[in-house]
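Q: Could you take me through this structure? I would like to start with the ligand and then move on to the strands and the loops.

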Amino acid sequence: MSSDKPQNHYSPGLSTRSIHHGESFASDTGTVMPPIFPSSTFEHGNPGGFDYTRSGNPNFRILESVLSSIEDCSYATVFGSGVSAITAIASTLKTGDLVLCEENLYGCTIRLFEQIFQRFGLNTAWVDFTDASSLTTITEKKPAMIWLESPTNPLLKILDISKICTVANAQKIPVVVDNTFCTALLQSPLKIGATLSLTSTTKYINGHSDALGGAICTNERKWQDLMTFAQKALGLQPSPFDCWLITRGIKTLPLRLERQVSNAAALADQLAAHPSVKWVRYPFRGDHPQQNVALRQMNAGGAIITANLKGNQNQTFSFCKSLKFFTLAESLGGVESLICHPATMTHASVDATTKAHLGIDESLVRFSIGCEDLSDLSSDLKKALDQL
Ligand SMILES: *Cc1c(COP(=O)(O)O)cnc(C)c1O
């Protein structure tokens, strides 16, 4: 893989890098937190090289410097949402190009390809990348791009990113990895061959469910130029205020994730041991079908747990509603625990056959584990499960 990353001799730890961003662009004031720069335009010839916020802003640049630092890569570009980041990458393709996608991609990614970009002549093919034959498909179909996500939503399937990238890189096919469920702290797609690492910063990176954002990291100058071009040409830029919030959020990302992951690992075991639970899916558990890949690829098992309960739709819904510390809501990655019923929420618009194929049924629930005390989450879950 080509890389123009300069070699650093000393690199501080991840927590330090999450807290110490680069420039504040306000050196006269000694401010500890950077200000918010809401200005839409900038005087020509300023030292920062800013001209108009659609194509760059001090708050974007501060956030980009922290993101590239924690991802340990050369470049990051920020966007108004995860979907804006996806749009930026898709916009680099042209009529007749084929994108070979993991069949379990995030729903809005699928919608964007099938309902928007298909009308502009972009083709998509969907494969199960845990199936060994998918590697042959890469060679046969020669796609213009490969789009992966691991773990997948909501069944937490783990794809062997390194193996797929080895085949793709040999044929110079760029690989995109949606790394939202892990962030750079738990998984480093660029280090194992991916061209672009995409994150919805709305989730773990910001972590407080109060801003939307997206980011794309890369080591390749060519891709960085394409991303900054898409940011301004398509109007995909975030707001300075949201960037400021997300920059603040990142400071506690390592701390939050540490708590969220340890809570999740314990709760996954608790769920699996309860008689009202049919099965549990958590990447680092011994009963996960791709546990070996997860152990090799991820620094920890993450903070999402999926479980199938012994109950019909009504009972599953009552279970969700009876929890005190888990709000029934979409999204994930915040400090607060959430529970989601994919069949009627995130995947409500998916047809029944596809849902069945993906393994999403009425008894399936997905937990996003937060930073609360484990004892409270644990007793809350136990009470609700006992009543099921
Ligand atoms: C939420 C999410 C997105 C989209 O991000 P938004 O910030 O909501 O636009 C993309 N991919 C994954 C895996 C997500 O969870």
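A: This is a predicted model. At the ligand, a polar side-chain atom of Ser200 lies 2.8 Å from one of the ligand's oxygen atoms.

Q: And what is the distance from a ligand oxygen to the side chain of Thr202?
A: An N or O atom in the Thr202 side chain is 2.6 Å from an oxygen atom of the ligand. For Lys203, the corresponding side-chain N or O atom is 2.8 Å from a ligand oxygen atom.

Q: How much of the ligand does the protein bury?
A: The protein buries 93% of the 380 Å² that the ligand exposes when taken alone.

Q: Which residues are around the ligand?
A: They are Ser81, Gly82, Val83, Tyr106, Glu149, Asp178, Thr180, Phe181, Ser200, Thr202, Lys203 and Gly213. By class, this shell has 3 nonpolar, 6 polar and 3 charged residues.

Q: Asp178 is on that list. Which strand holds it, and are its faces covered or open?
A: Asp178 belongs to strand β5, residues 175–178, and both faces of that strand are covered. Val175 and Val177 are buried on one side, while Val176 and Asp178 are buried on the other. As a general point, side chains in a regular strand alternate between the two faces of the sheet.

Q: How does β5 pair with β4?
A: Strand β4, residues 145–149, and β5 pair in the parallel sense over 4 bridges. Within this pairing, Val175 of β5 is the bridge partner of Ile146. The chain passes from β4 through helix α6, residues 161–170, to β5, and this β-α-β crossover is right-handed.

Q: And which way do β5 and β6 run?
A: They run parallel, with 3 bridges joining β5 to strand β6, residues 196–200. Val177 stands opposite Ser197 of β6.

Q: Back to β4 for a moment. Is Met145 buried or exposed?
A: Met145, which is in strand β4, counts as buried because its relative accessibility is 0%, and the cut-off for buried is under 20%.

Q: What is phi for Leu156?
A: Phi of Leu156 is near 55°, a positive value in a residue other than glycine. Leu156 is found in the loop between β4 and α6 and is buried, with a relative accessible area of 1%. For context, most residues other than glycine have a negative phi, and most peptide bonds are trans.

Q: Changing topic: what is the strand order in the open sheet?
A: The order is β8-β9-β12-β11-β10, so named for 5 strands with mixed pairing.

Q: Why is one side of β8 and of β10 left without a neighbour?
A: β8 (277–281) and β10 (327–328) stand at the edges, and each has a single partner strand, so one side of each has no neighbour in the sheet.

Q: And how do β9 and β12 pair?
A: Strand β9, residues 304–309, pairs with strand β12, residues 364–368, in the antiparallel sense over 5 bridges. Ser368 in β12 is the bridge partner of Ile304.

Q: Last one: where is Ser331?
A: Ser331 is in the loop between β10 and β11 (338–340). Ser331 has a positive phi of about 75° although it is not a glycine, and at 30% relative accessibility it counts as partly exposed.

Technical notes: Residues numbered from 1 in each chain as written. Predicted model: local features only at pLDDT ≥ 70, side-chain atom pairs only at ≥ 80, totals over all residues. Heavy atoms only, no water. Near = heavy atom within 4 Å. Polar contact = N/O pair within 3.5 Å; in protein donor to acceptor, adjacent residues only side chain to side chain. Areas by Shrake-Rupley, 256 points an atom, 1.4 Å probe, with all protein chains shown as cover. Nonpolar A, V, L, I, M, F, W, Y, C, P; charged D, E, K, R; others polar. Buried < 20%, exposed > 50% of the residue type's maximum accessible area, 1.4 Å probe, protein only. Helix = DSSP H or I, 4+ residues; strand = E, 2+ residues; numbered from the N terminus. Pairing = 2+ DSSP bridges. Right-handed = clockwise from strand over helix to strand, strands pointing away.
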